[in-house]
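Open the model in your viewer and keep the selection panel at hand.

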Amino acid sequence: METPGSQSSLHRANLERVVRAVRMAGSLTQAEIARGTGLSAATVSNIVRELKEGGTVQVTPTSSGGRRARAVALSGDAGIVVGVDFGHSHLRVAVGNLAHQVLAEEAEPFDVDASAAEGFDRAEALVHRLVAEAGIHHEKIIGVGLGVPGPIDVETGVLGSTAILPGWTGTNPRNELAARLGVPVHVDNDANLGALGEQVWGDARGVNDLAYIKVASGVGAGLVINGRVYRGPGGTAGEIGHITLDESGPVCRCGNRGCLETFTAARYVLPLLHSSHGAGLTMPEVVRLAGAGDPGCRRVVADVGRHIGSGVASLCNLLNPAMVVLGGDLADAGDLVLEPVRDSVARYAIPSAARQLRITAGSLGGRAEVLGALGLVLSEMGEASLLDATGGVPAAVGG
């Protein structure tokens with residue numbers, strides 16, 4: 001039994017610090033590990049050698065700044081993580097390893113009106129098929145990340161009221177999928193997972209303070225503060241869609257008037273174009289037509305961008321993020337929507353906060369949430385369990 005403050009406990013803590021840094025980054029050079037952990041280069045070298053001998057990490061030659069270096073990643077054999085993302089019209093599943101390599105991924109249409117039981121049936125079948133096709137034994141699965149388009153109670157894991165999957169309200173997605181798959185399941189809403197996906201795999205890598213704004217059937221924000229997703233004590237942080245823009249505006253599904261969502265979400269925006277473009281129009285089609293020069297669609301996209309910018313300005317004034325990433329269908333509109341967002345931020349945000357802010361479209365597209373689900377497992381798993389799962393480490397060799 002290790003004594004707190006002893007050499008052995010300090011060594012174990014250093015092992016876990018290195019594993020934690022590599023786990024979240026995917027791959028780091030030894031110099032990057034030393035800078036990120038504050039450990040000396042000699043200590044990092046010893047620890048990496050020890051972890052490699054224990055099968056926890058793999059080391060490959062690389063270059064950094066024109067000089068030879070060694071890239072350290074968690075071993076591809078150390079375990080498998082699975083991501084499951086339920087959207088308003090799709091189910092997407094991805095299988096990856098701890099070295100941040102996606103081994104299998106597939107999306108299929110999902111009926112928004114389907115029952116929760118049918119949704120879990122489909123998810124269970126798709127997970128089993130992709131794991132089998134990747135040639136992976138089920139016992140290698142460390143955990144599953146699950147994304148749902150609605151608020152999750154952080155204490156009970158119960159899905160709150162959601163307009164996208166109304167038949168699922170009151171269910172416990174974590175317990176349901178865990179019982180079916182026989183592995184630990186971590187669950188979060190889609191906006192939080194989009195933020196985590198962009199932070200781990202997208203253009204937001206290395207950014208510790210950011211907001212991921214997803215505009216689809218609803219509007220939500222995933223908030224990353226000081227490198228970690230911020231959920232709030234009740235799990236409802238980031239409900240940017242219910243910032244009031246006009247207290248005399250349209251009645252929102254939340255019961256208030258003039259929420260940001262009533263000016264930006266698809267079900268409120270698309271009817272504006274019904275008389276000129278027909279009732280069957282979808283948001284991806286609006287974005288495509290706007291890019292092709294359609295004046296009505298360009299106007300709608302620009303108006304939505306200005307309203308989103310008002311919400312983003314409020315976020316800037318409160319949280320001062322370094323980056324805002326726009327996700328969802330609107331992100332494909334590029335500068336047609338981003339420039340109006342930037343204009344509103346410049347107008348309504350504190351100048352010092354606006355100057356520091358980078359506003360960009362998500363680089364992962366529709367994959368952001370399912371990759372975030374993989375990242376959720378990586379962020380929730382403990383270093384101690386990973387070291388033990390790989391058979392532990394050999395006797396201490398220093399550090």
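Select the open sheet of 5 strands, ordered β11-β10-β9-β12-β13 with mixed pairing; strands (E, at least two residues) and helices (H or I, at least four) are DSSP runs numbered from the N terminus, and two strands pair if DSSP finds at least two bridges between them. β11 (228-230) and β13 (358-361) are at the edges with a single partner strand each, so one side of each has no neighbour in the sheet. This is a predicted model, in which local features need pLDDT of at least 70 and side-chain atom pairs pLDDT 80 or more, while totals for chains, interfaces and linings use all residues. Residues are numbered from 1 along each chain as its sequence is written, and side-chain values use heavy atoms, without hydrogens and water.

Next, show β12 (residues 323-328): 4 bridges join this strand to β13, and the two run parallel. Val324 is opposite Ile359 of β13.

Now select helix α5 (residues 173-181), where Pro173, Leu177 and Leu181 are buried (under 20% relative accessible area, 1.4 Å probe, protein chains only). Look down the axis of α5: its buried residues fall within an arc of 45°, so they line one face of the helix; the arc is taken from the directions from the helix axis to the C-beta atoms. After α5 comes Gly182, with a positive phi near 70°.

Finally, select Leu210. Beyond its neighbours within four places in sequence, Leu210 has contacts (heavy atoms within 4.5 Å) with residues including Ala195, Gly222, Pro321 and Met323.

Notes. Buried means under 20% relative accessible area, exposed over 50%, partly exposed in between (1.4 Å probe, protein chains only).
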